[in-house]
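Take a look at the model below. Start with the DNA contacts, then turn to the strands.

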There are 2 protein chains.
Amino acid sequence: MESVAAAARGRKPDEVKSAARVLEVLELLGTEGARLSLAEMASAMAVPKSSLHAILRTMEARRWVDLDASGTRYSLGLKALLTGTAYLEGDDVASLAGPVLDALAEETGESVHLGRLDGTDVVYLAKRESRHALRMYSAVGRRLPAHATALGKAMLSQYDAAEVQRRLDWPLARLTPDTVTDPDELIRQLAEARLQGWAMDDGENSVDIRCVAVALGTGHGAGDAISCSAPKSRMDDARVREIAGAVTEAAHALGTLLKRLGQH
Amino acid sequence: MESVAAAARGRKPDEVKSAARVLEVLELLGTEGARLSLAEMASAMAVPKSSLHAILRTMEARRWVDLDASGTRYSLGLKALLTGTAYLEGDDVASLAGPVLDALAEETGESVHLGRLDGTDVVYLAKRESRHALRMYSAVGRRLPAHATALGKAMLSQYDAAEVQRRLDWPLARLTPDTVTDPDELIRQLAEARLQGWAMDDGENSVDIRCVAVALGTGHGAGDAISCSAPKSRMDDARVREIAGAVTEAAHALGTLLKRLGQH
DNA sequence: TTCAACCGTTCAGATAACCGAATGACGTTG
DNA sequence: CAACGTCATTCGGTTATCTGAACGGTTGAA
């Protein structure tokens, strides 16, 4: 009976409520980079204030959230720093990618990314910028819809049409006027990407940015890809083909490193 | 009655148990960079396996932890990447420090850090790596005991002896043969640091590494400091004084930026 | 000043999580 | 091949959290 009621509300029966809420708080404060009041968070999460109050007390005591001077707005705390670097250090792909990304950034002179597919999103694991080393860390952890990025399309092109249909959220979200939201057009682009070995994004998530990406071999990093992005002004079709070659080489090099590690 | 029992076990009465456990899991998987089994974590946290099981299910469903192929070892999940970057982006000091750290790294050619005091620990907020092949290992989000680092001593030197006594865990932990564990010696060094405006660490957390640090003004970033580190072979006493000057300038520059922001 | 609109906080009943022991599924060792 | 170690997992009674409404504090407007 109670499991039916829980399922009716969209909850799996064996999920710990307050545990899920802790994670939701972290995601809420994380995605927005925001400073929110208890009441704001309670309404955003559809949770009673009094319940959230006890949870935030716990999180504050352990320094996972901070309270501002006025004592009324929450933001992420210092402990939130720990997990990100630890994830990257424990990850083989991210650990080995460093030199490969450096080389690709050096060769192309443009921004270079390592991304991972997570559900319908692409998450940036690492980034090399042409100039601003300052911003390097800031994009790591960010998410974009897979269908609107070269990285995502490169990874999705490894699956057949039915699997893609199953994996994405329909209808597809539109981020720019050029975002591909038509299912048939997306499937066509994925087939093309599979044939040529690389995928492209032409202003589909950020106006005026073109991006080329290649997925790593499905062996170790099934859901990983490398990309290179630049403003359209520096990315005509000839340059795209040139960069696609460089990115393909880099992806192949990283794939080889990973295979070696797998056999160790 | 129950509050007495809870207090006797060292727990505050108004702490949500499973919320605290979620955070403990994240800290456990984060500090070690480890892959742990359910049983290992349960024993490390002194929590029943069955209770932890439900919590880990919840965390896994939301991709805060990953289960390896064998289905028996947990590690941090992709969501763990989000919080770290968000904390840094929402932080004025970390956001403004970028160019200042770049300049200091350029000027000295050595590793440069921005650190924040959190209880008895120093947490690294940002770093710039040395050009030299031989360089110290560190990472954003990592923690070291404040008394064993130049960053920590620079920040602690802003407090008087009684306050320092209150803030640190006694007896002081020893990380290397040169770690200062004598209370009187530490107080003496802090007084010296306060006089000269900068603090030093001479192989006290990593053998063979010397480090010089300066705290930011107490206005905005009360618990923040900047440091510069190098192997002893590149850090004789003359070089220490030279670098101390550069770090002091950088700290002053960042302090000015922050003050301007505060008045905005 | 007075009122209203927010904020965080408290409390006791309803409800859900927690716990220890028992279970099944592996992989390893004798 | 069997016995053992380790692992995750299940289950019902006990215990804790969760909840909604009411409270006291502060801010800004009338």
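The paragraphs below go through a DNA surface and then a set of paired strands.

This is a predicted model, in which local features need pLDDT of at least 70 and side-chain atom pairs count only at pLDDT 80 or more, while totals for chains, interfaces and linings use all residues. Residues are numbered from 1 along each chain as its sequence is written, chains are lettered from A and ligands numbered from 1 in the order in which they are written, and side-chain values use heavy atoms, with hydrogens and water left out.

Begin at DNA strand D. A residue is near the strand if one of its heavy atoms lies within 4 Å of it. There are 17 residues around DNA strand D, and A:Ser18, A:Arg21, A:Ser51, B:Leu38 and B:His53 come nearest. Of the DNA atoms within 4 Å of the protein, 67% belong to sugar or phosphate; the rest belong to bases.

The side chain of A:Arg21 places an N or O atom 2.5 Å from one. For a polar side-chain atom of A:Ser51 the distance is 2.4 Å. B:Ala39 uses a polar backbone atom, at 3.1 Å.

Now move to chain B. Strands here are DSSP runs of E, at least two residues, numbered from the N terminus. Two strands pair if DSSP finds at least two bridges between them. Strand S3 (residues 111-118) and strand S4 (residues 121-128) of chain B are antiparallel over 7 bridges. B:His113 has B:Lys127 as its bridge partner. The two strands form a hairpin with 2 residues between them, and B:Gly119 in the turn has a positive phi of about 65°.

Terms used:
A polar contact is a pair of N or O atoms within 3.5 Å; within protein, one must be able to donate a hydrogen and the other to accept it, and residues adjacent in sequence count only if both atoms are side-chain atoms. Buried means under 20% relative accessible area, exposed over 50%, partly exposed in between (1.4 Å probe, protein chains only). Helices (H or I, at least four residues) and strands (E, at least two) are DSSP runs, numbered from the N terminus.
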